[in-house]
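Subject: Structure for your files

Hello,

Here is the structure I promised to pass on. Please look it over before reading my notes.

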Amino acid sequence: MKPEKPAIVALLLVCFFWGTTYLAMRVGVQTCPPFLFSALRMLFASAIMGTYLMFNWPKTKITGRMIWLNALAGVLFFCFGVGMVGWAEKQIPSGLAALICSLPPVWIVLINVFFYRIEKFNALIILGILFGLGGMVLVFHEHLGDLVRPEYRLAVLVCVMGNFSWVLATLLMKKGRPSEFPIFNAGSQMLAGGLALMFLHWGFEGGQPVIWATNTVLALVYLVLFGSVIAFAAYLYALAKLPVTLVSLHTYANVFVAIAFGAILLHEQLNMTIMIAVGVTMGGIYLVNKGLKNNRKKEEITGLAPAIVLD
């Protein structure tokens, strides 16, 4: 087997497992309070990674600043990022949640342009944003009847906020100085996010019933083992062996996997209009990424500081 073939297999596993996490999350939150469900997922996954760390503690020094950085990133990543998306999936389809969560490149452009002022619009970026917005309009056209419900509109807004929180955490990790040991970073972040989610559960879901149906337990086990631990390990392996641009394709694949499995297993709506909308949105995200990379090439030639880019 060629050296890159195991890495390709690892990337395919990431595409599949992370694409199906939206489906598993939607199944779990139907009978378990969303914040509690996400908290248990993160705490169990962090416990597994913590057990690994007991026997493979990093040789590099772990400073207090690294711990606080991972704690803050974990709250943004997993409490507000994953937790809010899980809460939103009580009301919106898993495929729609996955589509909303495919928008980080657009957020990055807007932050770079209007906040950091280190990015400039170009034709590809503008066209990509327009395509992305057009795809979203097509998707929401299919859900106009649902938009009359306040709880549905709130769920969409919360999902968008959760996606934006994920982007903020990504920028924090890029600009900060985390540990060079990824397992420590991921484990400590999941622990911090899980604890914060438990506080949200105690504050907002204390009176909600918990029904540990078979599907709920299976969804939780799947998310802990496959959606968190195995998929994360596969992602790190693929990232180490393959070009970053190739690994970044999982962002697009996740959406198609989520929509396909949501339609097959949960009978979520899937028709030609939605498929066209997904294609248009994915095309827009590709153009935004392409525009960002073109800007980065120009900056490397001129010697300007590079923009923050999500590959």
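Predicted model: local features only at pLDDT ≥ 70, side-chain atom pairs only at ≥ 80, totals over all residues.

Residues are numbered from 1 along each chain as its sequence is written, and side-chain values use heavy atoms, with hydrogens and water left out.

H2 and H9. Helix H2 (residues 34–55) and helix H9 (residues 182–204) have axes that come within 7 Å and cross at roughly 150 degrees. H2 is therefore roughly antiparallel to H9. Helices here are DSSP runs of H or I with at least four residues, numbered from the N terminus. Axes are lines fitted to C-alpha atoms over the stretch in contact, and angles run from 0 to 180 degrees between N-to-C directions; over 145 degrees counts as roughly antiparallel. The crossing is left-handed, that is, the near helix is turned anticlockwise from the far one by less than a right angle. Among the H2 residues that meet H9 are Phe35, Met42, Met49 and Leu53, and the H9 side includes Phe184, Ala186, Met190 and His201. Contact means heavy atoms within 4.5 Å. By class, this contact has 18 nonpolar, five polar and no charged residues. Ala, Val, Leu, Ile, Met, Phe, Trp, Tyr, Cys and Pro count as nonpolar, Asp, Glu, Lys and Arg as charged, and the others, Gly among them, as polar.

H1 and H10. Helix H1 (residues 4–28) packs against helix H10 (residues 214–241) at an angle of about 150 degrees, the axes being 8 Å apart. That makes H1 roughly antiparallel to H10, and their crossing is left-handed. Their contact has 23 nonpolar, six polar and one charged residues.

Val229 lies in H10. Leaving out residues up to four places away in sequence, Val229 touches Ala45, Ile48, Met49 and Val224. Val229 and Ala186 are 43 residues apart in sequence and 9.5 Å apart in space, C-alpha to C-alpha.

Helix H3 (residues 64–88) has 25 residues and reaches 34 Å from first C-alpha to last, close to the 36 Å expected, which is 1.5 Å times one less than its number of residues. H3 bends by about 25 degrees at Gly74, the bend being the angle between axes fitted to the seven residues ending there and the seven starting there. The axes of H3 and helix H8 (residues 150–175) come within 8 Å and cross at roughly 160 degrees, so the two are roughly antiparallel.

Regards

Key:
Parallel < 35°, antiparallel > 145°, perpendicular 65-115°, else oblique.
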